[in-house]
Amino acid sequence: MIKIIIVALVFAVIISYLKASGSDLYVLALVGAGIILFSLAFEYLVETVDFVRQLIDKTGVDQEFYRIIFKITIIGYLIEFSADTITDLGFKSLADKLVFVGKFIIFSVSLPILYAVFNLLTGLAS
């Protein structure tokens with residue numbers, strides 16, 4: 001984790017210098033920094049996925065629900081990352097629209113879970 005923080009700080013200094021000097025390369029550095037930081041955090045993602053798989057095996061709950069929850073989480077993180085990057089580039093309005101679209105996508109992906117909860121509640125009521 002310390003490695004990720006150091007890399008982020010180094011990129012922050014580089015991006016600040018490029019932006020202050022008027023170079024348009026700061027945009028590429030900003031996007032590149034995000035990609036590199038994400039790739040460094042990938043090992044943590046793999047550990048989390050392994051842990052969730054162990055939980056799935058122990059609980060006996062339908063694996064499709066865990067896939068949906070995982071998709072929702074990944075979509076949320078990717079939308080947030082992208083929107084923050086777009087905001088950093090000065091396009092706040094576009095970033096807000098991306099967040100709105102992301103919420104719509106998350107709602108659409110979560111419909112099977114909402115349907116299962118509805119069926120459970122109607123089953124308990126009858």
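Which element supplies the largest share of the lining of the largest pocket? Helix α2 does, with twelve residues. This is a predicted model, in which local features need pLDDT of at least 70, side-chain atom pairs count only at pLDDT 80 or more, and totals for chains, interfaces and linings use all residues. Residues are numbered from 1 along each chain as its sequence is written, and side-chain values use heavy atoms, leaving out hydrogens and water.

**Helix packing**

- Helices (DSSP runs of H or I, at least four residues) are numbered from the N terminus.
- Helix α1 (residues 2-20) packs against helix α2 (residues 25-59) at about 175 degrees, with axes 9 Å apart; axes are lines fitted to C-alpha atoms over the stretch in contact, and angles run from 0 to 180 degrees between N-to-C directions.
- α1 and α2 are therefore roughly antiparallel (angles over 145 degrees).
- Contact (heavy atoms within 4.5 Å) involves residues including Phe11 of α1 and Tyr44 of α2.
- α2 and helix α3 (residues 63-88) pack at about 165 degrees, their axes 12 Å apart.

**Pockets**

- A pocket is an open set of points on a 1 Å grid over the protein atoms alone, where a 1.4 Å probe fits, with protein on both sides within 12 Å along at least five of seven lines; lining residues have an atom within 4 Å of a point.
- The largest pocket holds about 660 Å³ of space, a volume being the space filled by probe spheres set on the points.
- Of its 26 lining residues, Phe38, Ala41, Tyr77, Leu78 and Phe81 lie nearest the centre.
- The second largest pocket holds about 220 Å³, and α2 gives five residues to its lining, the largest share.

Key:
Helices (H or I, at least four residues) and strands (E, at least two) are DSSP runs, numbered from the N terminus. Angles under 35 degrees count as roughly parallel, over 145 as roughly antiparallel, 65 to 115 as roughly perpendicular and the rest as oblique.
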